[in-house]
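User: I would like to learn how to read the features of a model like this one. Please take them one at a time.

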Amino acid sequence: MSLDSHIPSGPMAMKWSKHKQDSKLINPKNKRKFTVLVVGSGLAGSSAAATLSELGYKVKCFCFQDSARRAHSIAAQGGINAAKNYQNDGDSVHRLFYDTVKGGDFRARESNVHRLAEVSVNIIDQCVAQGVPFAREYGGMLANRSFGGAQVSRTFYARGQTGQQLLLGAYSALNKEIAAGGVQMYPRTEMLDVVTVDGHAKGIVTRNLVTGKIEAHAGDAVLLCTGDYGNVFYLSTNAMGCNVTATWRAHKKGAFFANPCYTQIHPTCIPVSGDYQSKLTLMSESLRNDGRIWVPKKAADIGKPPAQIAESDRDYILERKYPSFGNLAPRDISSRAAKEACDEGRGVGPGGRGVYLDFAEAIQQFGQKTIAERYGNLFAMYEKITGEDGYKQPMRIYPAVHYTMGGLWVDYNLMSNLPGLHVLGEANFSDHGANRLGASALMQGLADGYFVIPTTIANYLVHQKPGSVTAEHPEFKKAVEDCTAQTKRFLNIKGKRSVDSFHRELGLLIWDKCGMARDKAGLEEALQRIPALREEFWNNVTVPGSGDLTNPELEKAGRVADFMEFGELLCRDALHREESCGGHFRTEHQYPDGEAKRDDENFSYAAAWEYTGDVSKPALNKEQLTFEEVHLAVRSYK
Amino acid sequence: MSQLNLHLKVWRQNAGQPGHFQDIDAPDIPDHASFLEMMDIVNERLIAKGEEPVAFDHDCREGICGMCSMQINGVPHGPEKATTTCQLHMRKFRSGDTIWVEPFRARAFPVLKDLVVDRSAFDRIQQAGGFITVRTGAPQDANALPIGKEVADAAMDAAECIGCGACVAACKNASAMLFVSAKAGQLNLLPQGKPEKDRRTLGMVRQMDKEGFGNCTNQYECEAACPKEISVRWITKLNRDYAIAAVKEAFGNAPKAGGGGD
Ligand SMILES: Cc1cc2nc3c(=O)[nH]c(=O)nc-3n(C[C@H](O)[C@H](O)[C@H](O)COP(=O)(O)OP(=O)(O)OC[C@H]3O[C@@H](n4cnc5c(N)ncnc54)[C@H](O)[C@@H]3O)c2cc1C
Ligand code: SF4
Ligand code: FES
């Protein structure tokens, strides 16, 4: 199948303005007749639902948490980028665009990224008008900081909880529309399937997580704003409920899944402490501004208290390997350096999977008070989780899965190849290529929801007769029956192993073979083992309780069943991409200094996988990427 | 790392039915585990025995989403100051301890199952005015409205509330004043929020009353239980804002209370 990305013609800087001009309008009287189903209430979902309702569409919005405000966006800490140039340090829309394309290691669609940079400035205006309490300077102007190695200060933030504040802003806009009657909210509701009628997405099937009721909802368009699939690795910095179910079920109904192997590993997380571990906690990477990363030179020293290891016996891995960037080397490079040291048997802490992040020198230089002012909340968090005092002894950190760049394929209108199905926020694949820059995900979620979809959805809806499909249609009955049958099937297996035990095994396998570094042999092994594990899951899982009450085990079973299939596609994509780029590192493809070696000639495309009826035999479609504005170059951080 | 041998008394209940405490032994719990990881371990063992695991709410497990709840030894979010249940770790307990684990208790938070309660009343309170009426795409440049750092910081103090409901569970009257005052206070303080201040205050407070939360009698248990250390000073501010709005309303020069506004 050919993929048409519907990129508007004309110069890059004019594409979005032109597209807005050319986009269809729907007359206000008609808008009320259209129902839009928005799955997800994170930054992307809440902002889309609120804005579409303001425009006059009827909106139904769904989330699995007990309140829209608890979507995983709430956990973002660091900040949000915008090309405001308030600091007068030379920032511009073009520079943000350029940084994002380059940061994505030339695997993103230029036109989408440019639009993202353009609307970034409107996001900040919108949030401030809603009462988002961004940090400010004494003069009353908004404060900025530089983030993730950017050369300009374009990051807006709110006291280490930027995600919560932006989400509360979008949630308040959503509440305004709920109160006005434009949005009907369905919390504690999980989407189980997309319903297609004549090849168009016309509805969804959901399970009410309180009563267990499986229901159909018909609409004129469906928006998936369901976040990321990082929990396929079991341990990640994601919330426990993050899943691939919505996008995976849509994939099985025909939507292409693009670049699943692009996953981001964050270097500064608190290491695993035991096999009971349920999630990993991220600490802001700003810690690397003052902390020095090291491991013992000799494997024999790993058990020694760090203070007893002499300076000359320490290996400051990043400073040694990347003298000019040192401890501030990019996320992927820093993560791999930590992994290598641990693979060599020089890792510290339980299980030998950790490196030291040492503040002794910074404390000596600036005093503990200054360090506490800068990072006090992070030291406190570290202490809460590990019981150790980071001022007295070095912290231990290890990389963890943090973000997924892959997602459902969408065109410039954010519509998937399945007509009517739109995908926003982290759930789509479009803006970050093979690697996302810090503070750019929040920007994308809100850009998609507040500014892009409200314009582009009309290009689809204008060709639809509102309300032409209802939940009485046989396709809905069938989808409800399928979902009901799956629920019964889980409850009837009555095997020996818990859902979590399978999830953990799958996650460890994928982390091992398709994590920070990947190679052909490992990926092939994973592709052998995943189907076997999946088969065991379907024969030996146990799901206690019943289907018609609150039943967290049943919810988890559905999510893990989808991870079992999706994990295979993830590895297959990683195996097929015979190059290294951004977060996808194939050990066979690297420069002598360990930098990722792209193959632009053969792999300058987005890999959009098509479900063929057999999970193990997906078909590959390619969207060729062209770079008109930003010239292909090798990233170097030496 | 050491292991703890614990004894749990856990509340079990199905919606609409009476509940009871179940005695569960929890031996060999690693002291590095979080409280919820301890519950995970307990649940895995229940499943292995063919019993139904204990249902509880949780999501982020890093103290920010406000989804986890639980009353631990009678205290919402347990014994550690400024800490949510998900951030509480087992090293704060001793081997041999008996731990009581209950849902947040309040009339306005009915139990859905075991430790899971329905906190949707909080959403409805916010829908009754917890917003600034502004359309997407309409605003002026963000820096066109300078806001002093002190005001911005104070609004941020209030905005830290994670909507968990521990304040309600801690209060003997099950009052929601700390939550409502933080939510209304953030917006009432900011210049952007001023035009709708009276309407917001009346709407949110009246919705709170309608939801069946109790009255605030200034016991301040809420502040002690709040994982984000929201100050009771916000309650004082809300009382003041409410008095002003009510007087204006009585004299007929305040906009009608509540929700609405497109
Ligand atoms: C710890 C952490 C820190 C971060 N810090 C930053 C940062 O500083 N800056 C930055 O830019 N980015 C950051 N990110 C990334 C950023 O937070 C996310 O990419 C972004 O918030 C995703 O928003 P979203 O709206 O796409 O999805 P989410 O916020 O994940 O929302 C998903 C929604 O979909 C719903 N949902 C999912 N599946 C289903 C289903 N099957 N049925 C019904 N509903 C469903 C959920 O209920 C939820 O409402 C961070 C991420 C993490 C994990
Ligand atoms: S005020 Fe504190 S205790 Fe109450 S809901 Fe907010 S964060 Fe929770
Ligand atoms: S689980 Fe999110 S605050 Fe505890």
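Predicted model: local features only at pLDDT ≥ 70, side-chain atom pairs only at ≥ 80, totals over all residues.

User: In what order do the five strands of the open sheet in chain A lie?

Analyst: Strands of a sheet pair through backbone hydrogen bonds, either parallel or antiparallel. Strands (E, at least two residues) and helices (H or I, at least four) are DSSP runs numbered from the N terminus, and two strands pair if DSSP finds at least two bridges between them. Here the order is β11-β15-β14-β12-β13 (chain A), with antiparallel pairing. β11 (263-269) and β13 (314-315) of chain A are the edge strands, each pairing on one side only. Five bridges join β11(A) to β15 (residues 395-404) of chain A, and A:Gln264 has A:Tyr403 in β15(A) as its bridge partner.

User: Where is the kink in helix α12 of chain A?

Analyst: A bend at a residue is the angle between axes fitted to the seven residues ending there and the seven starting there. In α12 (residues 441-461) of chain A, a kink of about 55° lies at A:Val452, shortly before the proline A:Pro454.

User: Is A:His94 buried, partly exposed or exposed?

Analyst: Buried means under 20% relative accessible area, exposed over 50%, and partly exposed in between (1.4 Å probe, protein chains only). A:His94, in helix α4 (residues 93-103) of chain A, has a relative accessible area of 40%, so it is partly exposed. By contrast, 19 of the 21 residues of α12(A) are buried, so that helix is largely enclosed by the rest of the structure.

User: How many residues surround ligand 1, and how many surround ligand 2?

Analyst: A residue is near a molecule if one of its heavy atoms lies within 4 Å of it. Ligand 1 has 37 residues around it, A:Ser73 and A:Glu426 being among the closest. An oxygen atom of ligand 1 is 2.5 Å from an N or O atom in the side chain of A:Gln65. Ligand 2 is surrounded by 13 residues, and the closest include B:Cys161 and B:Cys226. Helices α4 (166-170) and α5 (177-189) of chain B each supply at least two residues of that shell.

Notes. Residues numbered from 1 in each chain as written. Chains lettered and ligands numbered in written order. Heavy atoms only, no water. Polar contact = N/O pair within 3.5 Å; in protein donor to acceptor, adjacent residues only side chain to side chain.
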